[in-house]
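User: I would like to go through the terms used for this model one at a time, with the value set against the cut-off in each case.

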Amino acid sequence: MQRRFEWTLASLGGYRFYQSRYLSAGGFLVRHERVEVDQLPKGLNGFRIAHLSDLHAGAFMREGDLRHVVACVNELDVDIVALTGDYVTHESKEIHRLASDLGALQPRRGCYAVLGNHDYYGQGQDEVAALFESIDIDVLRNRGARIDTGDGALHLSGIEDLSEGQRIDPQAARASLRADDVEVFLCHNPAKAHRIAEIGCALVLCGHTHGEQIVVPKSIPRPFPRHPGERLEFGSTTAIISRGLGAVGLPMRFRAPAEVVIVTLGETGSSLEV
Ligand SMILES: [Fe+2]
């Protein structure tokens, strides 16, 4: 029902509107966030992460629509790309619409992803993960990845989605973590970001909320998950919640821009520009 509604809206001009308004060059926000880390190893000073989320291939997001986003990320010459879920909208086969765009990402040290709740619909999570692996995006399903600069290492810890994953295992995601690593945790849903922060990671990257996509007065019932804020601080842990790039339900956003987040790591107290 919702799928048919979306395709009807798309055919009535919604698709063209979303593409030109939010996905054109200059249509999406490039949000720069500097995250300070105590005793950051020299090799990670200035390390940059492009954080992309909630692409939602489907009626409003088709092949080629992310070309300006990809060009922007490539131009920024980031170290890694971190993707935090919801690549499809209703079914896993939609993922193939993203292959050519995401396959053109060229960060220095690779692309890493976790899955979002939509990616499990129809038990499609394995198809989504397989497509990503075929274009060299490392999907962290209760697994970690280390990026060693030679003077300090970043550890990415990724878990299955909190609501749709059958087994959520942060311990397994952290099994490859070493004592001096700077840990970045990838988790689609920000609902437990405060609990993840308790493990002492430097950064948590989340998506899921779309920034509520259409922000209305609080007295009106909201169709989207609650957005806790774009940036939260929990002691020495920063959580960045992306508003995402795609849309569900309606091909529009209001007071919730589509965005690419560029996170730059810096030593606490240093004055690195972002
Ligand atoms: Fe989403």
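Analyst: Two residues are in contact if their C-beta atoms, placed from the backbone, lie within 7 Å. In this chain, residues 24 or more positions apart account for 77% of the contacts with a separation of 6 or more. The model is a predicted one, in which local features need pLDDT of at least 70 and side-chain atom pairs count only at pLDDT 80 or more, while totals for chains, interfaces and linings use all residues. Residue numbers start from 1 along each chain as its sequence is written.

User: How many helices and strands does the chain have, and what makes a stretch count as one?

Analyst: There are six helices and twelve strands in the chain.

User: Why is the chain called as compact as a globular protein of its length?

Analyst: The radius of gyration, taken over C-alpha atoms, is compared with the globule rule, 2.2 Å times the number of residues to the power 0.38. For 274 residues the rule gives 19 Å and the chain has 18 Å, which is close, so the chain is as compact as a globular protein of that length. Along the principal axes, its C-alpha atoms fill a box of roughly 55 × 40 × 35 Å.

User: What makes T8 exposed or buried?

Analyst: A residue is buried if 20 or more other C-beta atoms lie within 10 Å of its own, exposed if 12 or fewer, and partly exposed in between, with C-beta atoms placed from the backbone. T8 has 11 such atoms, so T8 is exposed. T8 is placed in helix α1, where E6, A10, Y15, Y18 and Y22 are buried.

User: And L102, buried or exposed?

Analyst: L102 has 24 other C-beta atoms within 10 Å, so L102 is buried. This residue lies in helix α3 (residues 99–102). Apart from neighbours within four places in sequence, L102 is in contact with I135 and I137. Over the chain, 45% of the 274 residues count as buried.

User: What makes β9 a partner of β8 and of β11?

Analyst: Two strands pair if DSSP finds at least two bridges between them. β8 (residues 182–186) and β9 have three, in the parallel sense, with F185 bridged to V204. β9 and β11 (residues 237–241) have four and run parallel, with L205 bridged to I240. Both faces of β9 (residues 203–206) are covered, L203 and L205 being buried on one side and V204 and C206 on the other.

User: What is the largest nonpolar core, and which residues have the most contacts inside it?

Analyst: A nonpolar core is a set of buried Ala, Val, Leu, Ile, Met, Phe, Trp, Tyr and Cys residues joined through C-beta atoms within 7 Å. The largest one has 77 residues, and V81, A113, V184, L186, L203 and V204 have the most contacts inside it. Beyond its neighbours within four places in sequence, V81 is in contact with A50, L52, V73, L105, P107 and C111.

Notes:
Helix = DSSP H or I, 4+ residues; strand = E, 2+ residues; numbered from the N terminus.
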